[in-house]
Amino acid sequence: MSHSYEAQSLLGRVVNEIEETAIAVILGLMTILTFINVVLRYGFNTGIIWGLEAVTFLFAWLVLFGVSYAVKITAHLGVDAVINLFSPPIRRVFALFAGGICIVYAALVFKGAWDYWAPFAGFDATSGRWFPTGFENSRDQGWYEVVDIPMPEWLRWIEPIFNEGEAYEKIPRFIPYVILPFGMGLLLFRFVQATVRIFRGDATSLIVSHEAEDAVEDVKHMNAGD
C-alpha cells in the first residue's frame with residue numbers, strides 16, 4: 001500500500017516542503033481561477049482571457065509534481081503477481097533492478113527536459129545522444145512568449161537578462177516550461193531515494209501493492225465489528 005513519508009535529512013525535508021507546498025498552491029490557484037472564470041462567463045458573459053492558458057500550465061505543473069510525489073509515497077500502480085511467486089530475497093533483487101531501470105529512465109527524461117527548456121532561457125542544451133557529454137551552443141529562444149498570459153510589471157527585471165532589454169508583452173515561455181527540468185530532476189531524486197530505501201531494507205517495492213486485497217480485508221473487519 002502507499003505510505004506516508006517522513007524526511008530523514010535536511011535536503012529531504014526541504015524538497016518535501018517545496019513539493020507539498022507547490023501541490024497545495026497549484027490546486028488552490030486552479031480552483032480559484034476556474035471558479036472566477038465560470039462566474040464571469042455565466043454571470044456576466046465575460047471572463048479572464050488568459051485564465052484557460054494559466055490553468056493548463058498549472059495542471060501540467062501539478063501532473064509533473066504529482067509523478068515524483070507518487071514515487072515518494074509509493075503510490076504508483078504496478079503488477080507484482082509474478083514477482084510475489086519468489087522468495088523475499090529474490091523479490092528484493094527484482095525491486096533493486098527495477099529501481100535501477102527507473103533511475104536510468106528518469107536521467108534520460110531529465111536530459112531531454114533540460115535540452116528542450118534550456119534554449120527558451122538562453123542556456124545551452126547538452127551534447128550527446130543519450131547521456132550528456134558536455135554543452136553545445138543552442139539558438140537563443142528567450143524572446144518566445146506564451147499566447148495569453150500578460151507580463152506582470154514585477155517581472156520586468158528579467159528583460160535585460162533574458163531578452164536583451166526588450167520588453168515582454170506576454171510572459172516568456174521559459175517560466176512555465178521550467179517545470180520540465182525541475183519536475184524531472186525531482187523525479188530522478190525520488191527514484192534514487194526509493195531505490196536506496198529498498199537497498200537498506202526500509203521498503204520492499206517501488207509500487208503500491210495489494211491495495212485491493214487490503215481494502216477487502218478492511219471491509220471484512222468493519223462488517224465483523226458490526
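**Entry 1, salt bridges.** I took a salt bridge to be a side-chain nitrogen of Lys or Arg within 4 Å of a carboxyl oxygen of Asp or Glu. The model I worked on is a predicted one, and by this rule the count in it comes to 6 salt bridges.

I looked up Lys72 and found that this residue forms a salt bridge with Glu19, with 3.1 Å between the closest N and O atoms. The pair links distant parts of the chain, since Lys72 belongs to helix α2 (residues 51-72) and Glu19 to helix α1, 53 residues apart.

I next looked up Glu153 and Arg156, whose side chains meet in a salt bridge at 3.5 Å, N to O. Glu153 is exposed, with a relative accessible area of 60%, whereas Arg156 is partly exposed at 23%. I also noted which residues are joined through shared partners: salt bridges connect Glu19, Glu20, Lys72 and Arg190 into one network.

I checked the length of helix α3 (residues 88-117) against expectation: at 1.5 Å a residue, its 30 residues should span 44 Å, and the end C-alpha atoms are 42 Å apart, which agrees. The buried residues of α3 are Ala95, Gly99, Ala106, Lys111, Ala113, Asp115 and Trp117, and I asked which elements they pack against. The partners are β1 (125-127), α5 (174-177) and α6 (179-200).

Gly112 has its place in helix α3 too, and because its relative accessibility is 39%, I recorded this glycine as partly exposed. Between the C-alpha atoms of Gly112 and Ala125, which are 13 residues apart along the chain, I noted a separation of 9.0 Å.

I found a nonpolar patch on the surface formed by Ile32, Phe35, Ile36, Val39 and Phe44, with about 500 Å² of accessible area together. Phe44 is found in helix α1 (residues 10-44), and its 59% relative accessibility makes this residue count as exposed.

In soluble globular proteins, nonpolar side chains tend to be buried together. With that in mind, I asked which members of the largest nonpolar core touch the most other members. Of its 39 residues, these are Phe65, Ile158 and Phe174. The elements that give two or more residues to this core are α1, α2, α3, β3 (145-150), α5 and α6, and the largest share, 8 residues, comes from α2.

Finally I listed the contacts of Phe174, leaving aside residues up to four places away in sequence: this side of the record holds Trp117, Phe120, Ala121, Ile158, Phe162 and Tyr168. I noted that Trp117 is also one of the buried residues of α3, and that Ile158 is, with Phe65 and Phe174, one of the core members touching the most others.

Definitions and conventions
Residues numbered from 1 in each chain as written. Predicted model: local features only at pLDDT ≥ 70, side-chain atom pairs only at ≥ 80, totals over all residues. Heavy atoms only, no water. Helix = DSSP H or I, 4+ residues; strand = E, 2+ residues; numbered from the N terminus. Expected span 1.5 Å × (residues − 1). Buried < 20%, exposed > 50% of the residue type's maximum accessible area, 1.4 Å probe, protein only. Contact = heavy atoms within 4.5 Å. Patch = residues over 30% accessible without salt bridge, like charges linked within 9 Å, V, L, I, M, F, W, Y side chains within 5 Å. Areas by Shrake-Rupley, 256 points an atom, 1.4 Å probe, with all protein chains shown as cover. Core = buried A, V, L, I, M, F, W, Y, C linked by side-chain atoms within 4.5 Å.
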